[in-house]
Amino acid sequence: MNAAGFPILSLVTFLPLAGALVIMLVRGEEAVVARNARWTALWASLITLALSLLLWTGFDQTTADFQFVERAAWLPEFGVGYHMGVDGISVLFILLSTILTPLCILASWESITTRVREYMVAFLVLEAMMIGMFAALDFVLFYIFFEAVLIPMFLIIGIWGGGRRVYAALKFFLYTLAGSLLMLLAILAIWYQAGTTDIPTLMQESFTPRMQFWLFLAFFASFAVKVPMWPVHTWLPDAHVEAPTAGSVILAGVLLKMGAYGFLRFSLPLLPQASADFAPLIFALSIIAVIYTSLVALAQEDMKKLIAYSSIAHMGIVTLGIFTFTAQGLSGALFTMLSHGIIASALFLCVGVLYDRVHSREIARYGGVAKVMPAYALVFMVFTMGSVALPGLAGFPGELLVIVGAFKVNPWVALGACMGMILGAAYALYLYRRVIFGKIVREDLKALLDLSPREYATFAPLILLTIWMGIYPSSFLNFFEATVAALVARHEAALGAARLAGM
Amino acid sequence: MSPMNWTLATPEIFLGIAGLLILAGGVIPKKETFFPVSMAVIGAFVVTAVLVLGQGEGTAFLGQYVSDAFSRFAKVLILLGAALTLVLALDFNEKAGIGRFEYAVLMLFATMGMLVMVSANDLMSLYIGLELLSLSLYVIAAFDRDNPRSAEAGLKYFVLGALASGLLLYGSSLVYGFAGSTNFDRLADALGGGTASLGLVVGLVFVLAGLCFKISAVPFHMWTPDVYEGAPTPVTAFFATAPKVAAIALLMRVLAGPFGDLAAQWSQVIWVASVGSMLLGAFAAIGQRNIKRLMAYSSIGHVGYALMGLAVASEVGFRGVLVYMAIYMVTSIGTFAVLVAMRRNGRSLEQVDDLAGIGRTDPAMAMWMAVFMFSMAGIPPLAGFFGKLYVFLAAVQGGYWVLAAVGIGTSVVATYYYLRIVKVMYFDAGTAPLDARPAGLTVVMTATGVVTVLFFLFPAPIIAAAQVAVAAIAG
């Protein structure tokens, strides 16, 4: 139990499922069902958001311990329990999920016209699984949520996606499943050795270097696909391009963070030795990801694909920051994850706005949009600048911290991360210029309508957050300061002990 | 010599007498009595299940028959599977023109054979139970006798099944010759040292081959796709569920009991069968267009996963097998309920593509089918995941990393074809809607679907029951 006296994490996790159940029970004509499904989904996700704000206000920033902890017996004889709780690492991701879901539902309000009921059910189930994954403090429970996310996302891409949706959905599913099953083996091996899957208890456990090596590889297979890191990133552009707008938003906003979260939650604390040993490899892959995917992004003709590649580059910065094992690097990685969750989501929503009107994502199809949609041009600019990491917007503090952290470890690594920022500016501004500026060459673009009130409502919270995170990052950084400090201290202690033992 | 103590076998005796009475009751009236006879058979199954739950422990019939927690667990599963698959046949058989009361009676005797099998404590009673099951199954497979495919299925199953029975008998005679007994308890005593003569090992392998045929493990799987495809769909549903559970249970009892100390010998055989079944089940199903054939390969794959737990030869492994088979049975029955319901303009459909678009035209059935497919693929939080979790756990604990790795690889491959079915249902444009389905199928689908979805809420009781059952044979 917790200070509030009621199981708030379980409530936040399972409330969307209750909403989904209500939607499933609606009967009647298709139009009525669709309307009911939209409103029910919106209210369910808004109530979830309101409840999750209690986490924001009730969270004690001074401690690295797990808070809002709930426990229940589940499979007692195996040491597997229902154990939920949050610390500085996870609490803001739950909030990110609860904020993005209502925005996604708003964004799909008019663009999804077929099988609205199933769509809303899938989104609410997806939200429940995402929140549960970030709140789970038991390995088996974590795995269940981690994998269960695949089912609604598979259906969202496959049913409401674009032309090559079937290919993209299958690729997304099988890629991530292959990685996750290896992680399952690792979890079973840990379970066998430690006799429990309780994550806080496992933090006290130490594994032999050889076992750490194999466990790290197994975790790496799962999380690297999810992040995604180069060279296992190829599912992401396909999935992003084919997914409906809201699907892309959740994919970029939350699902990509699951991999990095896995590194932070499991690889680092459980396998300190192997993490340190593998850090050079991660650096190399991250820098390749940053530079290579930025260059690939420059060459894209499809707006969504461009943003998808930019996501891979940003996640490269994140993994780089995580494996510096410095307070700055880790805080920067966490902050970049949050800011990318907001900005990339917003960029996908921006693309969605154009796609809803013109039904094309091709960059060459546009040009001169600023003349007919000035408000839209402004919104798009805020997020483009955020993505470029302009100081004063959300992208900047995180990347700066990562580079500072990287500099402590190795100046060359820091240089690689800087290259990413430069190239990032290049492709983002290039995209913006081609779409927004220039002359209107196509007749149909002249008739475009600017943002509707619904779209203003969707973008307003994201703009607010982008500016807030840029101007006053401490209100977010404070959340994970204590946890990151504890993580770094424990990591150094574990490495020190290993070094002593080795001598 | 243990006494006769025949009251211990009350459930089997009751079922046998009920079968004879129902047979008489079916013959006497002038008109066709398929429906009332089926109801009576289901009633007999329910009463037998109640009797099984109250069954005492011990041996009977001079040591031929044993009743323990293990046999109770398996019997309840078998009776549940038989009753539900008979429900699937009610409407189908009427429409297919094979609504004859003998069908239900044959299922009853097949079920009785299975009950005898799982309670067998002697190679002789094992054989009797197995043959009672097999003979009933040969007839049921060919029940749609005017349909050449059904007749072919029955004949193929009979020829290969007779061969397997021959192998089993030959193996039994070798075991008897080299160990001096057919009784499981005395075999266990005789083989207690863990060393075995070559002749005995050969006999053991023959017995294993005969039993592997019944569970359709590679390389004794050849009959499965043809028989599954040719037999009427409710018969296929029955084949895929209760007899599989019975044969796996029997295999476990034989291997864990009398041959428990020879684990080093038989574990390798099961290892090979497990790897082969997983690989074949995953790869051969990919190209299948006929959904019954696809389910045949899928069932071969699932047997491979179950055998993984058996190959580990530990209590954790045996427990994993039982949990796996229980979950597999429930999910399979649900899947077959959907297959039986596939009917358009009165014609029964069997192609995967015939499911196209039912996500729109029949959302409830599509949802359950998707649940079953995701569960068979082992995606959490559905029941199938827990089955895999327990066998993988056993493999990891026993250090069987190759088995676990093959299991992981084939899981991903198998997921592809399960996803293909979901894809066809939801992503592809459909043609005409399917015919309205009878209420019985809806009930079976919904019940098994709800169990599959909500299994994660209360796994503990089922796992505890499996644990008690395993302790009875491996203790």
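Reader: What covers the buried residues of H20(B)?
Author: The cover includes helix H3 (69–96), helix H11 (242–256) and helix H14 (315–341) of chain B. Helices here are DSSP runs of H or I with at least four residues, numbered from the N terminus. This is a predicted model, where local features need pLDDT of at least 70 and side-chain atom pairs count only at pLDDT 80 or more, while totals for chains, interfaces and linings use all residues. Residues are numbered from 1 along each chain as its sequence is written, with chains lettered from A and ligands numbered from 1 in the order in which they are written.

Reader: Which residues in H20(B) are buried?
Author: Ala466(B), Ala469(B), Val470(B) and Ile473(B) are buried. Buried means that 20 or more other C-beta atoms, placed from the backbone, lie within 10 Å of the residue's own.

Reader: And where are they around the axis?
Author: They sit on the same side of H20(B), because they cover an arc of only 100°. The arc is that of the directions from the helix axis to the C-beta atoms.

Reader: New topic. How many residues of chain A are in contact with chain B?
Author: 25 residues of chain A are in contact with 22 residues of chain B. Contact means C-beta atoms, placed from the backbone, within 7 Å.

Reader: Which helix gives the largest share on chain A's side?
Author: H7(A) does, with 15 residues.

Reader: What covers the buried residues of H12(B)?
Author: Helix H8 (198–214), H11, helix H13 (291–312) and helix H18 (401–426) of chain B are among the elements that do. Trp266(B) and Met278(B) are among those buried residues.

Conventions
Buried ≥ 20, exposed ≤ 12 C-beta atoms within 10 Å, placed from the backbone. Helix = DSSP H or I, 4+ residues; strand = E, 2+ residues; numbered from the N terminus. Contact = placed C-beta atoms within 7 Å.
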